[in-house]
Amino acid sequence: MADTAHFGSRQVPLEAKQAMVDDVFHSVARRYDLMNDLMSLGLHRAWKDALVTAVNPPKDRAFFLLDLAGGTGDVAFRVLKHGGAATRATVCDINAGMLEVGRERAAALALGEAIAFAEANAEALPFADRSFDAVTIAFGIRNVPRIDRALAEAFRVLKIGGRFVCLEFSGVDVPGLDRLYDFYSFNVIPALGRMVAGDAESYRYLVESIRRFPDRQAFAAMLRAAGFARVSFHSMTGGIVALHSGWRL
Ligand code: SAM
């Protein structure tokens with residue numbers, strides 16, 4: 001039987017998943033940032049701040065960040081803001097629509113040569129071995145069909161001593177919050193998607209894809225299998241999100 005992958009709650013041929021994911025993000029690109037604020041009640045900002053704290057870009061020397069599945073540039077903008085003048089960020093995403101919004105936002109922020117955009121698949125990166133000080137991915141890894149390949153590529157392009165940091169939705173582990181979260185996810189979010197982005201289906205996919213993603217321990221094991229050392233994670237907001245980290249040593 002051919003390999004399959006989850007697309008939300010459906011099993012689809014592995015080869016078909018990426019095109020379906022791409023359709024989702026083409027559809028939502030222009031409303032993506034607004035929807036992020038609405039759906040997460042602004043919390044995605046605090047989650048991304050925690051990621052930037054982990055990346056800890058230095059103020060006094062060059063620092064090269066690769067933000068995978070970087071979409072409209074949010075993580076890269078935050079790392080640039082916190083780093084020094086010699087911080088450089090590359091936003092890599094497979095979706096031209098998301099990157100286009102990112103380029104417009106970068107121009108409005110006058111980021112100039114501090115930021116670059118690359119349209120590429122996280123499973124096959126067009127970058128040299130050991131070229132980045134940090135590789136990040138926020139709310140992106142669950143969309144990638146072959147997660148093991150993307151982790152291997154992240155490891156390959158990291159410098160020795162570099163850190164991989166991943167933010168992803170996870171499993172709620174607070175009694176009571178889990179039921180509230182389920183109700184919110186399966187009812188409120190698709191309704192918001194319909195009202196604000198005119199697209200309930202894409203947001204249903206996003207919710208379902210969260211439920212299919214490996215749990216924290218299983219994902220940590222995948223990081224170790226890709227070669228990362230000192231692998232750790234911590235839960236935020238009752239487990240709604242987890243921040244994963246591993247080092248190339
Ligand atoms: N990181 C951004 C953020 O936190 O706001 C965007 C996250 S968005 C939920 C997921 C992104 O993953 C989309 O921009 C999508 O195009 C991208 N993506 C999906 N599959 C990808 C792949 N195979 N390689 C690179 N990016 C991918």
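Which residues does Ser209 touch, not counting residues up to four places away in sequence? Ser209 touches Gly8 and Arg142, where contact means heavy atoms within 4.5 Å.

## Basis of the model

This is a predicted model, in which local features need pLDDT of at least 70 and side-chain atom pairs count only at pLDDT 80 or more, while totals for chains, interfaces and linings use all residues. Residues are numbered from 1 along each chain as its sequence is written, and side-chain values use heavy atoms, with hydrogens and water left out.

## Overall form

The chain has nine helices and nine strands; helices (H or I, at least four residues) and strands (E, at least two) are DSSP runs, numbered from the N terminus. The radius of gyration of the chain is 17 Å, close to the 18 Å that the globule rule gives for 249 residues, so the chain is as compact as a globular protein of that length. The radius is taken over C-alpha atoms, and the globule rule is 2.2 Å times the number of residues to the power 0.38. Along the principal axes, the C-alpha atoms fill a box of roughly 45 × 40 × 40 Å.

Of contacts between residues at least 6 apart in sequence, 72% join residues at least 24 apart.

## Surface and charge

Of the 249 residues, 55% count as buried. Buried means under 20% relative accessible area, exposed over 50%, and partly exposed in between (1.4 Å probe, protein chains only). The accessible surface of the chain is about 11200 Å², and carbon and sulfur atoms account for 56% of it. These areas come from the Shrake-Rupley method with a 1.4 Å probe; for residues, only the protein chains shown count as cover.

The chain carries 29 positive and 28 negative charges, whose mean positions are 4 Å apart. Lys and Arg count as positive and Asp and Glu as negative, with His and the chain ends not counted. Each charge is placed at NZ of Lys, CZ of Arg, CG of Asp or CD of Glu.

## Nonpolar cores

In soluble globular proteins, nonpolar side chains tend to be buried together. A nonpolar core is here a set of buried Ala, Val, Leu, Ile, Met, Phe, Trp, Tyr and Cys residues joined through side-chain atoms within 4.5 Å. The largest one holds 33 residues, of which Trp47, Leu51, Ile115, Leu167, Phe169 and Val241 touch the most other members. Helix α3 (residues 43-55) supplies the largest share of this core, six residues. Apart from this core lies another, of 29 residues, including Leu125, Phe132, Val144 and Cys166.

Leaving aside neighbours within four places in sequence, Leu167 is in contact with Trp47, Lys48 and Leu51, with Ile137, Ala138 and Phe139, and with Met236, Val241, Ala242 and Leu243.

Helix α6 (residues 147-157) has Ile147, Ala150, Leu151, Glu153, Ala154, Phe155 and Val157 buried. The buried residues of α6 pack against β3 (63-68), β6 (132-138), β7 (158-169) and α9 (216-225).

Asn143 lies in the loop between β6 and α6. Its relative accessibility is 7%, so Asn143 counts as buried. Not counting residues up to four places away in sequence, Asn143 touches Lys17, Val21, Phe25 and Tyr205.

## Positive phi in loops

Ala110 has phi near 55 degrees, a positive value in a residue other than glycine. Ala110 is found in the loop between α5 (96-108) and β5 (115-119) and is exposed, with a relative accessible area of 65%.

Arg130, also not a glycine, has a positive phi of about 50 degrees. The loop between β5 and β6 holds Arg130, which is partly exposed at 46% relative accessible area.

## Sequence and spatial separation

Ser209 is in helix α8 (residues 200-212) and is buried, with a relative accessible area of 5%. Ser209 and Phe7 are 202 residues apart in sequence, and their C-alpha atoms are 6.6 Å apart in space. Gly246, in strand β9 (residues 241-247), is buried at 0% relative accessible area. From Gly246 to Leu223 there are 23 residues in sequence and 6.9 Å in space, C-alpha to C-alpha. Gly246 touches Gly162, Arg163, Phe164, Phe228, Ala229, Arg230 and Val231, not counting residues up to four places away in sequence.

Asp49 is found in helix α3 and is partly exposed, with a relative accessible area of 36%. Asp49 and Ile94 are 45 residues apart in sequence and 24 Å apart in space, C-alpha to C-alpha.
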